[in-house]
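Thanks, everyone. Let me put the model up, and then we will go through salt bridges, strands and surface charge.

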Amino acid sequence: MVSLTVTRRRFVASFAGFSASASACLAADKAGTYPSEIHRYADEATEFNVFRLTDPARQSWLPAPYNRPISKKTEFLIHSSDRSGSVQAYRLDLKSGQSRILTQATDLVTGSLTLAPDEHEFAYLAGRSLYMGRTNAVHAREVYRAEEGFQFGSGFSLSEDGLVAALIEDKPGLSRLRLITMRTAAAATVVESNEPISDPQPRPKRAGLLYRKGNELWVVNYDAAQNRKLRISPGGFGTALWSGDGRTIVYLNLPEDRKQLNNIREFTPDANEDNLVSATSQFAAFNRNADTSVFVGASGSKASPYLLLLVRSVKRELTLCGHRASDPRQVTAFFSPNSQRVIFQSDRDGKMAIYSIAVDRLVEETETEAP
């Protein structure tokens with residue numbers, strides 16, 4: 001549910017809790033903690049306050065859009081950065097702005113970071129291993145290592161209960177989806193293909209997976225049963241995500257006729273039904289909030305490179321700010337668990353950095369589960 005009545009003054013005032021600070025690159029202390037780099041500015045398109053959370057003098061990345069980087073109470077987020085000279089994971093305190101290094105990894109996969117349900121740990125891929133780390137210290141526990149001859153492919157995610165992880169392993173001529181039991185490190189191959197497989201996502205509330213195979217969307221059960229291609233709308237597709245309750249898949253449809261608008265559609269696997277949610281102003285990437293009532297999308301329009309809210313009930317878009325990214329498809333964005341804030345990445349200021357904007361005057365608060 002959302003409220004569409006908002007004044008610019010109230011919207012700007014809603015983020016008063018974030019204080020601006022100098023964005024100079026400062027060294028970490030002995031505990032691996034870096035001072036705040038938060039920089040506040042008024043967006044050139046809307047005059048809404050936007051907060052740049054990381055310094056664009058170095059690269060910072062959010063995880064894949066189907067992973068969970070923000071704590072339930074929106075106290076901190078996990079992300080990756082090359083600020084220390086190599087790419088490592090960091091915890092960024094959303095109140096103080098301080099960042100703390102969490103890994104000493106080799107070949108960290110930036111999109112793989114995702115919080116465990118208790119938020120004391122997070123999962124990630126580095127090199128040929130799956131690790132669990134702590135969110136309050138530099139700590140790594142190897143859970144699983146790719147089999148000899150295989151390398152990790154594109155995509156990694158953790159089930160909402162944290163019991164299993166889904167990842168891709170590749171070798172020449174073969175791609176496979178693997179399911180890892182986190183407690184025992186037992187691994188099982190769910191799908192194999194000579195076409196590239198990517199972006200595996202455990203289904204909320206059910207023992208199933210969504211994944212991409214080539215230019216198709218597929219679903220399969222954990223036990224490899226009922227592996228089937230989804231009959232989605234013709235054309236290409238971009239972002240594809242489970243809804244919060246796991247009943248449907250929302251995805252970005254890219255019509256073959258480029259004169260038509262990119263649109264968000266919803267597929268119900270159990271009923272084999274595909275329905276239009278809303279046309280968009282040429283979204284190139286998007287994400288949903290907790291109850292799938294509101295979407296945040298990055299427009300691919302060169303004339304209007306905006307980050308927008310799309311309200312599902314009225315099919316109306318609201319401009320938040322300019323993303324001005326060199327490639328709008330790389331504008332990964334997340335709602336906070338309570339839907340009161342949007343956090344996104346963009347290279348608008350040079351290198352990839354992380355930004356935040358309040359939407360509490362636009363979007364009704366959604367419930368979050370207790371830690």
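Start with R348, which forms a salt bridge with E44, the closest N and O atoms being 3.6 Å apart. By salt bridge I mean a side-chain nitrogen of Lys or Arg within 4 Å of a carboxyl oxygen of Asp or Glu. This pair links distant parts of the chain: R348 sits in the loop between β29 (341–346) and β30, E44 in the loop between β2 and β3, 304 residues apart. Strands here are DSSP runs (E, at least two residues), and helices are too (H or I, at least four), numbered from the N terminus.

Before I go on, the ground rules. This is a predicted model, where local features need pLDDT of at least 70, side-chain atom pairs count only at pLDDT 80 or more, and totals for chains, interfaces and linings use all residues. Residues are numbered from 1 along each chain as its sequence is written, and side-chain values use heavy atoms, with hydrogens and water left out.

Back to E44. It also forms a salt bridge with R324, with the closest N and O atoms 3.1 Å apart. Again the pair links distant parts of the chain: R324 is in the loop between β27 (316–322) and β28 (333–335), 280 residues from E44. Which residues make up the network of salt bridges? E44, R52, R324, R348 and D349.

How covered are they? R348 is buried, at 11% relative accessible area. E44 is partly exposed, at 46%. R324 is partly exposed too, at 40%. The cut-offs: buried is under 20% relative accessible area, exposed is over 50%, partly exposed is in between, with a 1.4 Å probe and protein chains only.

The structure holds 20 salt bridges. Another one joins R141 to E121, closest N and O atoms 3.5 Å apart. R141 lies in strand β11 (residues 140–145) and E121 in strand β9 (residues 121–126), so this pair ties together parts 20 residues apart in sequence. R141 is partly exposed at 37%, while E121 is buried at 16%.

Now the strands. Take β17, residues 208–213. Six of its six residues are buried, so the rest of the structure largely encloses it. In a regular strand the side chains alternate between the two faces of the sheet. Here G208, L210 and R212 point one way, L209, Y211 and K213 the other, and all are buried.

What does β17 pair with? On one hand, strand β16 (residues 197–202), antiparallel, over four bridges. Pairing means that DSSP finds at least two bridges between two strands. I197 has K213 of β17 as its bridge partner. The β16–β17 hairpin has five residues between the strands, and K205 in the turn has a positive phi of about 70°.

On the other hand, six bridges join β17 to strand β18 (residues 216–221), also antiparallel. R212 stands opposite L217 in β18. That hairpin has two residues between its strands, with G214 in the turn at a positive phi of about 60°.

One more hairpin. β22 (residues 263–268) and β23 (residues 273–279) pair antiparallel over six bridges. N263 stands opposite A279. Four residues lie between these strands, and N272 takes a positive phi near 55°.

Last, E367. It is found in the segment after β30 (353–358).
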